[in-house]
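Here is my note on the model you sent. The points go from the overall fold to single residues.

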Amino acid sequence: MPEMPEVEQVKKTLAPHVIVRKIEAIDVRLGRLIKYHSLKKFVSGLLGKIILDV
């Protein structure tokens, strides 16, 4: 399904900066927006992961 043009532009801008990069730190400013079992598990599950695609 085609994305909206503004979403595609953000993707094109972000991709060169994040693809094949390791998540080393996470700063959650509004924890209530994370719909996961626990914020701590959410963060620990992402730390150290490699971003493969946007």
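1. Helices (H or I, at least four residues) and strands (E, at least two) are taken here as DSSP runs, numbered from the N terminus. On that basis the protein has two helices and two strands. Their order from the N terminus is α-β-α-β. Keep in mind that this is a predicted model.

2. Overall shape. The radius of gyration is 14 Å, well over the 10 Å that the globule rule gives for 54 residues, so the protein is more spread out than a compact globule. The C-alpha trace spans about 35 × 25 × 20 Å along its principal axes.

3. Burial and surface. Of the 54 residues, 6% count as buried. The accessible surface of the protein comes to about 5100 Å². Carbon and sulfur atoms hold 60% of that surface.

4. Helix α1. This helix covers residues 5-18, which is 14 residues. From first C-alpha to last, α1 reaches 20 Å. That is close to the 20 Å expected at 1.5 Å a residue. After α1 comes Val-20, with a positive phi near 65 degrees. When you check the backbone, look at Val-20 and its phi.

5. Helix α2 and Val-43. Helix α2 takes in residues 39-46, and Val-43 sits in it. Is Val-43 buried or exposed? Its relative accessible area is 19%, and the cut-off for buried is under 20%, so Val-43 counts as buried.

6. Partners of Val-43. Neighbours within four places in sequence are left aside here. Val-43 is then in contact with Ile-26 and Val-28. Ala-25 is a further reference point: its C-alpha atom is separated from that of Val-43 by 8.7 Å. These two residues are 18 residues apart along the chain.

7. Salt bridge. How many salt bridges are there by the rule used? The count comes to one. It joins the side chains of Arg-29 and Asp-27, at 3.0 Å from N to O.

8. Setting of that pair. Exposed means over 50% relative accessible area. Arg-29 has 72%, so Arg-29 is exposed. Asp-27 has 56%, so Asp-27 is exposed too. The salt bridge between Arg-29 and Asp-27 therefore links two exposed residues.

Technical notes. Residues numbered from 1 in each chain as written. Predicted model: local features only at pLDDT ≥ 70, side-chain atom pairs only at ≥ 80, totals over all residues. Heavy atoms only, no water. Salt bridge = Lys/Arg side-chain N within 4 Å of Asp/Glu carboxyl O. Buried < 20%, exposed > 50% of the residue type's maximum accessible area, 1.4 Å probe, protein only. Expected span 1.5 Å × (residues − 1). Contact = heavy atoms within 4.5 Å. Rg over C-alpha atoms; globule rule 2.2 N^0.38 Å. Areas by Shrake-Rupley, 256 points an atom, 1.4 Å probe, with all protein chains shown as cover.
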